[in-house]
Amino acid sequence: MNERRLSQIASDIVHGSQCPRLRSFCERIGREKRAAYRDQTYWAKPVPGFGDPHARIVVVGLAPAAHGANLTGRMFTGDGIGGSADFLMSAMHANGLANQPYSRSVDDGLALVGTWMLAAVRCAPPDNKPAPDEIARCHTHFLAEAQALTESRVYVALGRIAFDACLRLIGETTAVPRPRPAFAHGAVVRLEGAPAIVASYHPSRQNTHTGRLTPAMLRAVFKTAASIAARPLTSDRTRASVPTSQTPRGARARARI
Ligand code: SF4
């Protein structure tokens, strides 16, 4: 059932064209290509989510990279050895959420374990900066996939835009307090009756190359997510506590996407 719905949603995503600016950017990148990939055929279309249809953990990124998922057609795949995809997959693999510590091509054998991966925006945006109206339009796809992932227990939000998208998603069915929970690396948001959100800095090269996000920091984020996902449903979704945003000490710096 999940598989059929997700497959239909993937088709809807791939054939969408609601954001002309982004669609034409993806196609132009696919025509012009980066020199290192000139022999490859770019996907150059919107990118659907992928992973385990029975996922308890949903990883939410910002958007496909122009020469990453826009090249390969799979989220967090193809931005080069040691890029964001490898950084992310290494942390997931360390927590048993992926069968290998790298993600480089659609035929590299990667399988996610109890985890689904998607992005707040499905078309690669210029300078990795989608416009607010583009984020809003693409939310429909996030909502559709989230509804099909009926066993999801926790969202791992990579960066502020993903975090805001998760709050918006949860707000569709659950009251989100005002002021809204703030983004901070390591923050955990739990609202009654909804999956938890674990926030992380985005594993962009800008963040990983400057040490803002280290491998240990991202491994810890997935350890927290895996721990929440492993709890029995009743003790998580039916919490009677006041909604909270818990931020570890020393992790209050704001994110750079
Ligand atoms: S960004 Fe989302 S809504 Fe806009 S065209 Fe791409 S898939 Fe469609």
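User: Left-handed or right-handed: what is the crossing of α5 and α6?

Analyst: The crossing of α5 and α6 is right-handed. Bear in mind that this is a predicted model.

User: At what angle do α5 and α6 pack?

Analyst: About 60°, with the axes of α5 (residues 132–148) and α6 10 Å apart.

User: Which residues make that contact?

Analyst: From α5, they are I135, H139, F142, L143 and A146. From α6, they are I161, A165, R168 and L169. By class, the contact of α5 with α6 has 7 nonpolar residues, 1 polar and 1 charged.

User: OK, and how do α1 and α5 lie to each other, roughly parallel or roughly antiparallel?

Analyst: The axes of α1 (residues 2–14) and α5 cross at roughly 170° and come within 9 Å. That angle is over 145°, so the two helices count as roughly antiparallel.

User: What are the contact residues of α1 and α5?

Analyst: α1 gives N2, R5, L6, I9 and I13. α5 gives H141, A144, E145 and A148. Sorted by class, the contact of α1 with α5 has 5 nonpolar, 2 polar and 2 charged residues.

User: Which residues of α4 and α8 make the contact?

Analyst: On α4: F87, S90, A91, M92 and A94. On α8: P215, L218, R219 and F222. The classes are 7 nonpolar, 1 polar and 1 charged for α4 with α8.

User: Let's zoom out. How many helices and strands are there in the protein?

Analyst: There are 9 helices and 7 strands. The protein has 257 residues, and 50% of them are buried.

User: And the contacts, what share join residues at least 24 apart?

Analyst: 70%, counted among contacts between residues at least 6 apart in sequence.

User: Which residues touch the most other members of the largest nonpolar core?

Analyst: V60, A120, V156 and C166 do, out of 80 residues in that core. Helix α6 (residues 160–171) supplies the largest share of the core, with 8 residues.

User: What does V156 contact, leaving aside neighbours within four places in sequence?

Analyst: I57, V59, V60, V198, S200, V221, F222 and A225. F222 is also one of the α8 residues in the contact with α4.

User: What is phi at A44?

Analyst: Positive, about 55°, and A44 is not a glycine. Most residues other than glycine have a negative phi. A44 lies in the loop between α2 (20–32) and β1 (50–51).

User: Is A44 buried or exposed?

Analyst: Buried. A44 has 21 C-beta neighbours inside 10 Å, and the cut-off is 20 or more, so A44 counts as buried.

User: Where is F76, and what is its phi?

Analyst: F76 is in the loop between α3 (69–72) and α4. Its phi is near 45°, a positive value in a residue other than glycine.

User: And F76, buried or exposed?

Analyst: F76 is buried, because 29 other C-beta atoms lie within 10 Å.

Conventions. Residues numbered from 1 in each chain as written. Predicted model: local features only at pLDDT ≥ 70, side-chain atom pairs only at ≥ 80, totals over all residues. Core = buried A, V, L, I, M, F, W, Y, C linked by C-beta atoms within 7 Å. Buried ≥ 20, exposed ≤ 12 C-beta atoms within 10 Å, placed from the backbone. Helix = DSSP H or I, 4+ residues; strand = E, 2+ residues; numbered from the N terminus. Contact = placed C-beta atoms within 7 Å. Nonpolar A, V, L, I, M, F, W, Y, C, P; charged D, E, K, R; others polar. Axes fitted to C-alpha atoms, helices over the stretch in contact; angles between N-to-C directions. Left-handed = near helix turned anticlockwise from the far one by under 90°. Parallel < 35°, antiparallel > 145°, perpendicular 65-115°, else oblique.
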